[in-house]
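Hi,

Here is the structure I promised to pass on. My notes follow below it.

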Amino acid sequence: MPRAFTLRDAISSGLITGTVMIYLVSVGIADAFAEREVVTGYLTLGRLMLALPPLAVGYMVAGRPLPNSRRVVQALVAGLAAGALFAAAFLAAVALSPGIRTVLNRISRALLDFVGFSDLGLEPATGAIFNLALATGLAVVAGLVRIAPAGVRRAIVGGAAALLVMSMVEPFLRPRLLQLDLPGVAQFVYDSHGLATASAALILAGGAFAAVAWPGMRRTARSRLAAADPGTRTMLRWAALLVAIAFLYTLPSISGSFLTQVLVLVGFYVLLGLGLNIVVGYAGLLDLGYVAFYAVGAYFTALITSPTSALGWGLSFWIALPVVILLSAIVGLFIGAPVLRLRGDYLAIVTLGFGEIARVLLGSDALKPWLGGPGGILSVPFMLGEGTYFLPIIGEVTGPAATYFPLLGFCILAAFIAYRLKYSRTGRAWNAMREDEDVAQATGISTVNYKLLAFAMGAAVGCVGGAIYATHLQGVVPGGFVLLVSITVLAVVVLGGMGSIPGVIVGAFALIGTPELLREFAEYKLLVYGAVLVAVMLLRPEGLIPDASRRGELEDARHEEGELHVEYDEISGDA
Amino acid sequence: MTTTDPLATQHVSDAEAGPLLVARDVTKTFEGLVANRDIDFEIPRHSIVSIIGPNGAGKTTFFNQLSGVYHPTSGSIEFEGIDISTLAPHVVASLGVARTYQNIRLFQNMTVLANVMVGRHVRMRGQWYQAIAGLAGIRDEEKVTKRRAFDLMELVGIPRASATELAKNLPYGDQRRLEIARALASDPKLLLLDEPTAGMNPGETRQMTDFIARLRRELQLTILLIEHDMKVVMGVSERITVLDYGEKIAEGTPAEIRANPRVIEAYLGKQATA
Amino acid sequence: MRRPSNLSLVDVILWALRVAIVVGVAVGTFATLSTTRLSGDQWRDLLIFGISQGSVYALIALGYTLVYGVLFMINFAHGDVFMFGGMTAFFVADYLSDNGILNSSPFIAVPLILLVGAISSTVVAILLERIAYRPLRRAPRLVPLITAIGASLFIANSVRGLYGDGVKAYPRIDLFQGTIDFFGIPILKSHATVIVAAVVMMAALYWFVEKTRTGRAMRAVSEDKDTAALMGIDVDRIISVTFAIGGALAGAAGVLYAIVYNQVIWSMGFLPGIKAFTAAVLGGIGNIFGAMLGGVALGILESLAPTLLLAGFGIPSPNQLRDVVAFSVLVLVLIFRPYGIFGRPESK
């Protein structure tokens with residue numbers, strides 16, 4: 001039975017929103033972004049951050065099953081509540097400063113000026129009222145957008161998204177444009193660090209148009225695809241894959257040095273994520289100590305390849321690699337074996353324990369003779385030709401791009417392996433084990449063996465990542481192998497969708513790429529990771545790109561048993 | 001690729017080959033509670049046998065010992081001459097024992113097709129490295145298994161179009177059928193059905209009863225049922241064993257059991273549903 | 001037909017592990033004691049430090065065990081609840097110190113600080129339960145655990161954002177300076193305070209759980225949530241109460257911790273949190289007495305083991321590996337006896 005949404009609900013939603021706004025200011029997110037221009041002279045990212053909560057609550061609250069007028073009223077009330085709370089807090093902060101600084105040390109004069117819109121010449125009292133009005137207005141606008149026809153809604157959201165994205169990429173796009181000898185374009189699009197007004201308007205319009213046209217185009221493409229015969233479809237799939245790979249191949253050349261570095265970092269997490277995906281996503285084993293495998297790979301590689309290490313063998317990376325993989329698979333078995341019978345959450349804590357033990361041991365004096373203590377192991381040679389080599393089409397490769405290509409290759413390999421495993425007897429066994437362990441056993445699946453297999457595969461992939469990492473940094477130090485790495489990889493997998501291969505890629509770009517691109521974010525990275533984990537679990541536990549195993553079975557079935565006709569649209573569920 | 005043909009043993013007569021399963025003096029205790037006490041039990045090959053008894057009599061506990069989920073505290077269980085009383089469940093499954101569950105335990109978030117295919121796990125040989133390499137043998141095995149899965153779906157009566165539905169989205173009757181299909185996928189010798197008609201109306205119950213008889217006939221299976229519905233029990237079983245308070249109190253043909261005073265007392269005395 | 005062997009690789013590894021541990025402990029201890037590098041007094045001081053550290057662990061462990069008892073989930077964020085209490089109480093302590101009240105009327109000031117710590121942690125704990133855990137009551141067990149991890153990150157880093165990166169030095173409390181004479185044994189007053197306060201709180205908790213109606217309801221909910229609901233117990237409220245009590249204890253522990261170490265920092269929740277969890281598991285998760293005992297035991301173990309065991313092996317800087325001791329206990333207990341000292345194995 002649908003419950004009645006009273007004004008009290010709107011007020012409580014509003015109060016929560018107000019709290020979120022106060023939080024954003026107190027923690028420092030709002031003013032960290034205050035300098036970042038979105039549209040120069042009009043809108044900064046900081047202001048946008050503070051505008052988002054009232055927009056969100058207005059949009060959400062107006063989605064309730066009520067007549068349109070009531071919906072707008074709900075949005076209004078929610079915005080009012082949020083604004084009132086926020087304004088009150090602002091006035092309190094003004095009244096209590098500077099004493100309040102001893103507790104909340106961010107509440108500086110500058111911050112209060114920012115919140116109170118003193119750049120518009122407003123006194124605190126007026127500023128408070130302005131905030132109240134602004135929050136209310138934003139909520140109402142969002143509410144109106146919500147009740148608007150779908151096309152209008154799409155247009156507005158699309159335009160806004162395009163605006164945001166174009167302003168975010170300014171740090172790379174502008175230098176690239178200049179490099180490509182297009183200073184005119186650069187100047188048109190960007191005015192100092194934000195978008196110029198004219199281009200902002202254009203982008204808004206363009207984004208709106210694209211958003212409106214998108215569903216139509218998609219539908220046409222889908223129906224054409226569905227009508228085509230299996231042969232053409234497979235060809236198209238392969239073609240798409242090849243295009244993607246070709247694009248990735250040329251990416252460093254068009255991206256410039258900084259972006260390539262970011263890509264390398266993302267790539268590491270993609271690789272680790274693919275490995276953890278097998279353990280968590282396929283087999284359902286929550287491993288919080290995954291960084292241990294990463295460390296094993298890195299340290300063993302360093303030991304074997306560095307001429308100054310305790311072993312001092314100085315062997316080539318490519319000789320060391322299979323040895324290291326084997327070793328880490330064995331370590332994976334050793335770690336996995338005792339903990340197999342443990343229940344999910346206990347398993348997580350034990351693996352956490354293992355990871356932490358590894359971390360302490362890595363930097364300890366006790367193992368210093370072998371592992372180099374806090375200084376680690378240095379002089380690890382690069383994996384290919386001293387860090388510079390040649391590739392077809394691209395030519396000379398140096399710097400971060402030198403790591404990019406092998407890393408890309410291994411990521412593709414890992415994704416391929418993960419894909420093959422997923423749609424095999426092994427993958428089904430893992431799925432069954434994850435769904436219901438007892439019944440899986442009764443169906444003939446040796447859960448012990450399959451859990452060990454998952455652990456070993458995850459270990460192998462993680463260790464390859466570590467090996468590449470060691471040659472990338474040309475050394476290893478214990479500081480790079482902390483619990484946070486395990487948690488970050490987990491966040492990547494969770495956000496992307498546990499068990500989903502494209503999900504890992506999206507998750508890595510989202511969680512690793514964004515803080516690198518939005519430098520201000522870096523300080524709040526962990527905060528965001530925590531919030532993301534909680535939000536995903538509460539709102540969309542299947543992640544951004546849910547596991548598509550169903551689709552896989554579907555497609556194979558369509559190919560084999562020609563009579564089956566199921567539309568793609570049914571699967572994805574959108575119009 | 002050779003496959004062991006479960007029908008190959010047919011040339012030996014059932015009497016000569018001996019009972020499929022022999023349980024002797026099986027006792028199972030849980031921290032002081034004796035769930036099964038000194039149970040002797042035999043299942044002749046290709047027979048349909050039922051275990052009945054009031055709630056709490058220890059039927060499911062016994063079942064669990066036959067599939068390797070529990071191990072008897074004392075006593076022995078031999079399947080095809082092999083002592084299974086200390087084997088892990090997946091090993092017992094590979095020997096040819098398959099089961100369904102009282103409260104339907106399908107792999108909810110897997111498709112119907114995947115459920116049946118995973119049921120065939122023990123008869124497939126594809127290893128992980130073979131899957132990665134994508135060898136032709138593996139692809140063939142997958143194709144054959146998929147075909148078999150469709151055949152089984154047809155056998156139990158699940159519409160073809162449901163193949164890509166998630167198991168949890170199936171109607172109740174189809175879910176029960178799917179569980180049986182999953183169990184049959186491994187070409188078992190012994191099929192354990194735990195209350196297969198629970199929650200069914202008389203029409204469906206009749207269908208299920210006929211189906212069980214068909215299974216034995218067409219697939220040469222040996223079937224052991226736990227059931228509460230007496231019509232089913234009486235209608236399809238060749239022999240019935242009655243448990244009460246963990247002990248075997250009677251055994252015989254349906255006619256004998258119907259007339260057995262101890263059985264009547266066990267049921268009526270506890271006002272159990274019949 | 002092939003008969004699979006009953007002795008698997010896993011069993012072999014486990015037995016090898018058991019043997020290695022027993023041998024290692026024996027050899028290390030023997031080696032240390034035979035080279036007698038520490039005096040009796042020094043051992044005694046280590047022991048007392050261990051007891052006081054362990055008391056803090058015990059208080060935090062109670063929170064884990066209480067929550068696990070009713071919800072069967074590991075509240076990974078509990079360590080950060082502990083931190084929050086210590087951190088919030090810091091501001092009060094600082095204020096009282098500036099006013100001079102802290103040292104002129106310590107018997108009013110200190111309980112006040114403890115109270116603030118307890119209350120602020122309670123608030124966080126209750127919010128945590130309502131926002132992050134309650135919606136996921138019926139979800140598979142991994143989901144609340146991942147949520148808890150996220151919550152832990154979120155709380156710790158929010159504090160970092162709110163109050164800053166650096167260490168906050170607790171003001172000097174004159175009352176806790178120096179040592180007190182306990183039957184001829186000199187004990188640091190700070191340690192003595194921690195131990196006494198912890199004992200008092202644990203006794204209060206024990207009384208609460210055993211003697212009051214709410215305590216009985218808590219025990220009922222942890223036995224069988226559904227039946228308790230049928231008996232008329234408001235399960236949601238009891239769960240909130242459980243989180244509140246666990247939070248209060250952790251918050252007080254945060255203040256006590258600050259009294260011993262004289263500082264708080266946003267990241268101080270993680271290690272004591274994990275160690276307290278280890279203590280709870282050691283004693284038998286869900287068992288209150290076990291949590292108390294486990295906490296003290298772990299504290300003592302952590303204090304003595306580096307010197308007692310590891311030094312014997314000639315390992316340099318054994319105290320670096322002090323955390324390894326705690327993590328090893330965690331790992332070993334979960335592998336060999338996951339139900340802890342006072343727990344019983346789940347039967348199959």
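Helices (H or I, at least four residues) and strands (E, at least two) are DSSP runs, numbered from the N terminus.

This is a predicted model: local features need pLDDT of at least 70, side-chain atom pairs pLDDT 80 or more, while totals for chains, interfaces and linings use all residues. Residues are numbered from 1 along each chain as its sequence is written, and chains are lettered from A in the order in which they are written.

Next, the interface. 33 residues of chain B are in contact (C-beta atoms, placed from the backbone, within 7 Å) with 29 residues of chain A. Helix 4 of chain B gives the most to its side, with five residues.

Strand 1 (21–30) and strand 2 (33–43) of chain B pair antiparallel over seven bridges; pairing takes at least two DSSP bridges. Thr29(B) stands opposite Val34(B). Two residues lie between the strands, and Glu31(B) takes a positive phi near 45°.

Finally, Gln474(A) has a positive phi of about 55° without being a glycine. Gln474(A) sits in the loop between helix 19 and strand 8 of chain A.

Best wishes

Note on methods: Two residues are in contact if their C-beta atoms, placed from the backbone, lie within 7 Å.
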